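Subject: Structure handover and notes

Hello,

Here is the structure you were expecting.

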Amino acid sequence: MAETGALTPSPPPPAGTPLLRAEHFVWHTARVLEQRLFAHLFLNGDADPVETALDAYANDDGGYGHALEPDLRGPASRPPHTAHALHVLDALGRCSGRRVERVCRYLTSVSTPEGALPAVRPGGYDRPAAPFVPAPADPPGDLAATGPVVGLLHRNDVWHAWLFRATDFCWQRIESLGTPRPCEVQAAVAFLDAVPDRTRARAAAGRLGALVREQRLAVLDAGCPQDRPAAAGRAPGEHHFPHDFARTPDSLARAWFTDEEMARSLDLLAARQQEDGGWPVTRRRSAPGAALEARSMATIEALRTLRAHGRALG
């Protein structure tokens, strides 16, 4: 007789296509939000249930909280949660209207004097967060936090007073980068792919791509990345590849890599699907629950990247 209360592992995914195996993983492990989003993106599901699920994370101040970004627990609105909410709305084609106006008011309320978003909001340190998440008393503006949000709003033709200074902040930071962190490069790409001044964006992207290659921020060869030591402060196996920067073939970052380098990167991404059907998360995570929630998000993003680059999912 089985022990009362013992946990039974979920059954292994059926043999089949990457999409079928990922679907099995999502149904068995994901939050309602990611289940609904997966259904919308890959199974022709309606967008309304995704918005309904996202509403559970919304707060009265116009921001989002409640561990929408898994490493930040508790109910308080924080910039990373709100950035993720905009990412979901963008995937639905619904990043507009009154909902986004309220988000922009929240962004205004938490911005630094220079008009940028901090990585974390000051105060509320009694709320749980991963131990590696910084909690300064007066956090500065952060390109990694600001760039993706500004890029998403520009991509969806949103105009709000907050965007003017935030856009200027992104330009200044991107054009002065000397030794960027990979997360800053990713944020810069999100901004440059959508900002209206395309001539300036192409020039900035060209300079940034040269830094990526000179400073070896992306693994470009066909070796085994798991055998390489990670950079200081990163988790074992936390490396970046061309697909991490050029998530779509029309991204400005795509020009940074040869066809062969991009193909190897996508081959690696496809091969990283695990036995349970999901993709791994190589970033440090605060707890098993947060890691599992993050894996569902990573699985959806991996599938979106492969599909955008024309890889068959089945």
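Predicted model: local features only at pLDDT ≥ 70, side-chain atom pairs only at ≥ 80, totals over all residues.

Residues are numbered from 1 along each chain as its sequence is written, and side-chain values use heavy atoms, with hydrogens and water left out.

Overall make-up

The protein chain has twelve helices and zero strands. Both kinds of element are DSSP runs numbered from the N terminus: helices are H or I with at least four residues, strands are E with at least two. Of its 314 residues, 46% count as buried. Buried means under 20% relative accessible area, exposed means over 50%, and partly exposed is in between, with a 1.4 Å probe and protein chains only.

The protein chain exposes about 15,100 Å², of which carbon and sulfur atoms supply 54%. The areas come from the Shrake-Rupley method with a 1.4 Å probe; for residues, only the protein chains shown count as cover. Taking contacts (heavy atoms within 4.5 Å) between residues at least 6 apart in sequence, 61% join residues at least 24 apart.

Salt bridges

A search of the whole structure finds 17 salt bridges. The criterion is a side-chain nitrogen of Lys or Arg within 4 Å of a carboxyl oxygen of Asp or Glu.

One of these pairs is Arg94 with Asp48, at 2.7 Å from N to O. Arg94 is partly exposed at 27% relative accessibility, and Asp48 is partly exposed at 42%.

Arg94 also forms a salt bridge with Glu51, where the closest N and O atoms are 2.5 Å apart. This pair again links distant parts of the chain, with Glu51 in helix 3, Arg94 in the loop between helix 4 and helix 5, and 43 residues from one to the other. Glu51 counts as buried, at 15% relative accessibility.

A further salt bridge joins Arg200 and Glu175, with 2.8 Å between the closest N and O atoms. Arg200 is in helix 9 (residues 198–214) and Glu175 in helix 7 (residues 161–175), 25 residues apart. Arg200 is partly exposed, with a relative accessible area of 34%; Glu175 is partly exposed too, at 36%. Elsewhere, salt bridges that share partners join Asp48, Glu51, Asp55, Arg94 and Arg99 into one network.

Helix 9

Helix 9 has 17 residues and reaches 24 Å from its first C-alpha to its last. That is close to the 24 Å expected at 1.5 Å a residue, the expected span being 1.5 Å times one less than the number of residues.

Its buried residues are Ala201, Ala204, Ala205, Leu208, Gly209, Leu211 and Val212. They cover an arc of only 155° around the axis, which puts them on the same side of helix 9; the arc is that of the directions from the helix axis to the C-beta atoms. Helix 7 and helix 8 (182–192) are included in what covers these buried residues. On the other side of helix 9, Thr199, Ala203 and Glu214 are exposed. Just after helix 9, Arg216 takes a positive phi of about 55°.

Pro180

Pro180 sits in the loop between helix 7 and helix 8 and is buried, at 5% relative accessibility. Leaving aside neighbours within four places in sequence, Pro180 is in contact with Val185, Leu208, Leu211, Gln215 and Leu217. Pro180 and Val212 are 32 residues apart in sequence, and their C-alpha atoms are 8.3 Å apart.

Cysteines

The structure holds zero disulfides, a disulfide being a pair of cysteine sulfur atoms within 2.5 Å. For Cys104, the nearest cysteine sulfur is that of Cys95, 8.2 Å away. Cys104 is buried at 1% relative accessibility, whereas Cys183 is partly exposed at 31%.

Regards
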